[in-house]
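Visitor: Hello! Could you walk me through this structure, one question at a time?

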Amino acid sequence: MERVVLSRIPPDEKKLVGVRARHGKAAQQFTQAFLKSSIPRMSSDAIEDILLHRAVVLRYTRVKKTRGKKTKAKGLNAKERRELKVFQLKPEHQKYELFLPLHELWKQYVADLCNGLKPESNPQMIQQKLLKADFHGAVLTVVRSKCPSYVGTTGILVQELKHVFKIITKEDRLKTIPKRNSVFSVEMGDFITHIYGSRFELRSSERSAKKFKVKGNIDL
Amino acid sequence: MSPDLGKCSRSLLTCEKSNFLNEQSRHEVHVSRHCFNYKISLLLPECEVLPVRVENVIHNFSSYYLVRDLPVYKFLEEKWLATVVKKGSFYALSCKTRIDEDNVCALLPSGQLILSLDKDTYEHLGLEGRPSLYSHKKVMRYVVSVDLTNKSLVPGTKRYQQVLLCLKERVMLRSDFLLTTCHPGADKDGALHNLLSQYTYEECRPTLHSQTLKNLFCPSLHHSDLRGKGLSCTPNQFLEWLGAVNLNISCDNSAVSFLSTYMCPEPRAPVSQSVLCTVTGLIPPKDVCRLLKELRCYFAEPNFAAWVSLTVHGFVDCPVSWGAAEHGFFKGGENLYNFVCFKNQDYWLYKATGSEDACPP
């Protein structure tokens, strides 16, 4: 850009535009004098400083938007999603080890969320934060359920849907556990919280916006 | 009778008549199926003191153990399974636990472990069970039954590990227990002592209490008339009278008595002396059988008595009554049976249960 500014104007253009080109010292003196007269309050150093940092736009034309007919990029609809099994874990990916990094990530996430999970931190504060938190990657255990065969199931939460948790167990088995009528425990360092599944029947995205009531019946 | 008792919702009484000498007589089966007996009361009319032979049988009743704070999972441990449970004739019942509000546990001689649990414990425990038969719309009690002699419960199997984990780590069920084995063998007793050595326990003997009642009106019974069509009183009347005698309620209908205007049912006869004897403790059915056998021999000696009566009461807070049939408390939790033995070896058997109980077999 600087080269273009400093380059000499061709003589035929000079005639056309009707300017007299100055070069070398004369040009410099002219510029300084011009600047001093237009910005008289600033010292020459300050002016140079500004000039260095500001880009001088010599030509600016707005690119006109071409308003044509745009086809909106459509995603898959529900039927297609179902047929393609987009949200289902393939059997070859149902490995506990595959999800261990996710669990590590989740641990970091919770530690960040709760400012480091210190033993002296307020449990109620942590719970308030956890209500809005994402649980994908947490290790969930069913501690209480109306159906006794769910009790004791432990694993990493892989997918949370509105009514079920999908958990992968250490035996590499994907288990779908309904939230209703079960109580889950989540372990984070020294803290253990319990999730009352019957009160948790929301998608995780909806949960972040939901206001939970303090009172409520916790009986199954 | 107080009007409140009159409103008692349901009670069942079955009566049957048979002869001890009859080969198809099922008296021993009935006795052996009623596992947890709390009290035996014996009424011998026309008798001055308790016969020595009967007293000897009672003194030879097997003793029982009261163990404090025994965890339930101990029954599943290999040592216990091998030494006690698999041998059979081992009875265990949690005591000081109430069937309608606590968790009650019983181990039948067949090796069945029956846990009657409240809703919260059941939900935490994670062992499959079924809702109690005597629950209302909302189920508040569940019955879990685990067969310890089953092949799938051999130590090392997956099922065994699971049951042990449930009882040991998820919910540590523990309570005071009454235990008894009715093997007289000393070696087995030694094994049981070994197993119990880490807990505080005491060996208890069934307590015998006998008294002589004088000038008592007794209903006269005739062995052929079970239903009470003239020759005897009806079964309900007879049982009511027995209860009155056991509780020392005056039955002479004196006009001045404010407490009781109860009267011995017709037909009746005055009896100058009769012996009422009660034994309390955890009494295994085998001992009841021996006592019954001795009572049959009682008529071999000459005496005036037309009949003797043997009443056996089950524990009111026991989860089972006959066999593995579920038992509840509701108002009284009574489950009892009564033998009336006659001179000619005929017997009547009454079996009575309260409202939350299956029909006696």
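Guide: Gladly! We start with a definition: two residues are in contact if their C-beta atoms, placed from the backbone, lie within 7 Å. Please keep in mind that this is a predicted model.

Visitor: How many helices and strands does chain B have?

Guide: Both kinds of element occur in chain B. The secondary structure comes to nine helices and 15 strands.

Visitor: What is the radius of gyration of chain B, and how does it relate to the globule rule?

Guide: For 361 residues the globule rule gives 21 Å. The value for chain B is close to that, so the chain is as compact as a globular protein of that length. Its C-alpha atoms fill a box of roughly 65 × 50 × 40 Å along the principal axes, and the radius of gyration is 22 Å.

Visitor: Where are the domains of chain B?

Guide: The domain assignment gives domain 1 two stretches of chain B, 3-61 and 207-353. The centres of domain 1 and domain 2 of chain B are 31 Å apart, taken over C-alpha atoms. Domain 2 of chain B covers 64-204.

Visitor: Which elements give two or more residues to the side of domain 1 of chain B that touches domain 2 of chain B?

Guide: The contact takes 17 residues from domain 1 of chain B and 22 residues from domain 2 of chain B. On the domain 1 side, these residues divide into ten nonpolar, three polar and four charged. The elements you ask for are strand S12 (268-283) and helix H9 (285-298) of chain B.

Visitor: How is H3(B) oriented relative to H9(B)?

Guide: Helix H3 (residues 52-59) of chain B packs against H9(B) with the axes 10 Å apart. Residues in this contact include B:Val54 and B:Val57 of H3(B) and B:Leu291 and B:Leu295 of H9(B). The angle is about 175°. Angles over 145 degrees count as roughly antiparallel, so H3(B) and H9(B) are roughly antiparallel.

Visitor: How many residues of chain A and of chain B are in contact with each other?

Guide: By class, the side of chain A that touches chain B has four nonpolar, three polar and two charged residues. The contact joins nine residues of chain A with eight residues of chain B.

Definitions and conventions: Residues are numbered from 1 along each chain as its sequence is written. Chains are lettered from A and ligands numbered from 1 in the order in which they are written. This is a predicted model: local features need pLDDT of at least 70, side-chain atom pairs count only at pLDDT 80 or more; totals for chains, interfaces and linings use all residues. Domain bounds come from an automatic or database domain assignment. Helices (H or I, at least four residues) and strands (E, at least two) are DSSP runs, numbered from the N terminus. Ala, Val, Leu, Ile, Met, Phe, Trp, Tyr, Cys and Pro count as nonpolar, Asp, Glu, Lys and Arg as charged, and the others, Gly among them, as polar. The radius of gyration is taken over C-alpha atoms; the globule rule is 2.2 Å times the number of residues to the power 0.38. Axes are lines fitted to C-alpha atoms, for helices over the stretch in contact, and angles run from 0 to 180 degrees between N-to-C directions. Angles under 35 degrees count as roughly parallel, over 145 as roughly antiparallel, 65 to 115 as roughly perpendicular and the rest as oblique.
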